[in-house]
Amino acid sequence: MAATVTDYCTKHSNDVSDNMKEVWDWTCDSFEDADKMSSPLQGATMKFLAEWQQAKRILEIGCFTGYSALAWYEATQATQAEIITLELDPKMIAASRRTFDKYRLNDRVTLIEGPAQDSIEKLTGQFDIIFVDANKEGYEGYVKQILDKKLLSPKGFIMCDNVFARGMTISTDANPELPEKVRPYWIENGKALRRFNIFCKKDPRIDSVLLPLYDGVTLIKWKSPQNGFIKLMS
């Protein structure tokens, strides 16, 4: 049923570009773990959000093959947003650079190599959108570091992907069709993401919502002033 719903939604949503379709197909053909890539529907969602946000700076933690960076790039033609993407895996760095070179993204996309924690520590300024799609055990640390350094703009949002960890965040029995060879990997991710979800719920600086979309998406923003509603009504 889920696949049927996704297919229906994809057909009745904005199409992604031919370039995004090419990167999607190439990734699926070239990488055994291509399922880690955002889906076409999610790519369309990301473009929608970036256009609506009128983002001027975007940070993504985890680049994979550059599909999401391409989505951000296309969505911010009007604002000419600066896009910074972080990646550690040499294989994914090479794949991302292939995408950036082939589709001429290097004028606005900067790929920073190395551990995300080290790269985040060196960043300055603020970002309107921060997309977290890297090692799941790092989510809590990355988001806390972003908040501590105030890298998120006042009206920006953080978007964290794969928060369900193929269902393992909810229960190790939640996805009986998950292949056994990857089950231990996703079980460990689920443990880390349960801790992350508790962090998001308890941190007094932020508002967060965990949405049952794709493989689980958490949206985070700075907490609204408690007296904001009173001011609007007065």
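## Overall size

What radius of gyration would a compact globule with 234 residues have, and what does the protein chain have? The globule would be near 17 Å, and the protein chain has 18 Å, which agrees. The radius is taken over C-alpha atoms, and the globule rule is 2.2 Å times the number of residues to the power 0.38. Along its principal axes, the C-alpha trace spans about 55 × 45 × 40 Å.

This is a predicted model: local features need pLDDT of at least 70, side-chain atom pairs count only at pLDDT 80 or more, and totals for chains, interfaces and linings use all residues. Residues are numbered from 1 along each chain as its sequence is written, and side-chain values use heavy atoms, with hydrogens and water left out.

## Elements and cover

The protein chain holds nine helices and seven strands. These are DSSP runs, numbered from the N terminus: helices are H or I with at least four residues, strands are E with at least two.

Buried residues make up 48% of the 234 residues. Buried means under 20% relative accessible area, exposed over 50%, and partly exposed in between, with a 1.4 Å probe and protein chains only. Contact means heavy atoms within 4.5 Å. Of the contacts with a separation of 6 or more, 72% join residues 24 or more positions apart.

Strand β1 covers residues 57-61, and five of its five residues are buried. In a regular strand the side chains alternate between the two faces of the sheet. Both faces of β1 are covered. R57, L59 and I61 lie on one side, with I58 and E60 on the other.

β1 pairs with strand β2 (residues 82-87) in the parallel sense, over five bridges. Two strands pair if DSSP finds at least two bridges between them. E60 stands opposite T85 in β2.

## Strands β4 and β5

Strand β4 (residues 127-132) and β5 also pair in the parallel sense, over five bridges. The bridge partner of I129 is F157 in β5. Seven of the nine residues of β5 (residues 152-160) are buried, so this strand is largely enclosed by the rest of the structure.

Nine of the nine residues of helix α4 (residues 67-75) are buried, so α4 is largely enclosed by the rest of the structure. Among them are Y67, W72 and E74.

Helix α5 (residues 90-102) contains T99. T99 is buried, with a relative accessible area of 0%. Leaving aside neighbours within four places in sequence, T99 is in contact with V23, T65, G66 and L105.
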